[in-house]
Amino acid sequence: MAAGWLRHLAGDSVEVRSAGSQPAERINPVAVEAMREVGIDITANTPRKLDRDTAESSDVLVTMGCGDVCPVFPGRRYLDWPLDDPAGQGLEAVRSIRDEIRRRVEQLLGELHRTSGTGRGTIEQ
């Protein structure tokens with residue numbers, strides 16, 4: 001959902017990569033529905049494992065409970081967003097998570113554009 005929001009809100013001003021420390025086999029269908037409600041289609045996304053090259057080539061990494069599993073590189077900005085996992089939750093709960101992710105993505109975009117005018121980021125879901 002975070003990568004979907006970032007692509008939707010930033011357009012081409014930010015390069016978005018999405019990966020996970022323990023990715024599921026498929027995108028959560030409830031998350032797909034919640035994003036569809038706000039006009040964002042995330043069905044083309046495929047869960048991928050966060051690899052060293054992706055992390056190393058990004059300026060900002062946003063994690064959601066990754067902990068010690070995610071690689072750390074000097075000079076990168078790391079943000080951890082402790083959010084509820086939408087897995088196994090109903091649409092109402094996932095809507096709340098979706099909306100909180102949007103708020104955080106908007107804040108991050110404001111910071112990126114103020115500091116550099118552009119940026120690259122990895123969103124880890």
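The model described here is predicted.

- S2 pairs with strand S3 (residues 77-80) in the parallel sense, over four bridges.
- Within S3, Tyr 78 is the bridge partner of Leu 61.

- The loop between helix H3 (52-56) and S2 contains Ser 58.
- Ser 58 has a relative accessible area of 0% and is therefore buried.
- A polar contact of 2.8 Å joins the side chain of Ser 58 to the side chain of Arg 17.

**Nonpolar cores**

- The largest nonpolar core has 25 residues, and those that touch the most other members are Met 1, Leu 6, Val 14, Ile 101, Val 105 and Leu 108.
- At least two residues of this core come from each of helix H1 (2-10), strand S1 (14-19), helix H2 (29-37), S2 and helix H4 (91-115).
- H4 supplies the largest share of this core, with seven residues.
- Leu 108 is in contact with Val 60, Val 62, Arg 77, Leu 79 and Trp 81, when its neighbours within four places in sequence are left aside.
- There is also a second, separate core of seven residues, and Leu 50, Ala 55, Leu 61 and Phe 73 are among them.

**Salt bridges**

- The count of salt bridges in the model comes to 10.
- One of them joins the side chains of Arg 17 and Glu 15, at 2.8 Å from N to O.
- Arg 17 is buried, because its relative accessible area is 16%, under the limit of 20%.
- Glu 15, with a relative accessible area of 39%, is partly exposed.
- Another salt bridge is formed by the side chains of Glu 37 and Arg 98, at 3.1 Å from N to O.
- Glu 37 belongs to helix H2 and Arg 98 to helix H4, so this pair ties together parts that are 61 residues apart in sequence.
- Glu 37 is partly exposed, at a relative accessible area of 36%, whereas Arg 98 counts as buried at 7% relative accessibility.
- Arg 98 also forms a salt bridge with Asp 99, where the closest N and O atoms are 2.9 Å apart.
- Asp 99 is partly exposed, with a relative accessible area of 39%.
- A network of salt bridges links Glu 37, Glu 92, Arg 95, Arg 98 and Asp 99.

**Leu 91 in helix H4**

- Leu 91 is found in helix H4.
- The relative accessibility of Leu 91 is 26%, so this residue counts as partly exposed.
- Leu 91 and Pro 29 are 62 residues apart along the chain, and their C-alpha atoms are separated by 9.7 Å.
- Not counting residues up to four places away in sequence, Leu 91 touches Val 30, Glu 33, Ala 34 and Glu 37.

How values were computed:
Residues numbered from 1 in each chain as written. Predicted model: local features only at pLDDT ≥ 70, side-chain atom pairs only at ≥ 80, totals over all residues. Heavy atoms only, no water. Pairing = 2+ DSSP bridges. Buried < 20%, exposed > 50% of the residue type's maximum accessible area, 1.4 Å probe, protein only. Polar contact = N/O pair within 3.5 Å; in protein donor to acceptor, adjacent residues only side chain to side chain. Core = buried A, V, L, I, M, F, W, Y, C linked by side-chain atoms within 4.5 Å. Contact = heavy atoms within 4.5 Å. Salt bridge = Lys/Arg side-chain N within 4 Å of Asp/Glu carboxyl O.
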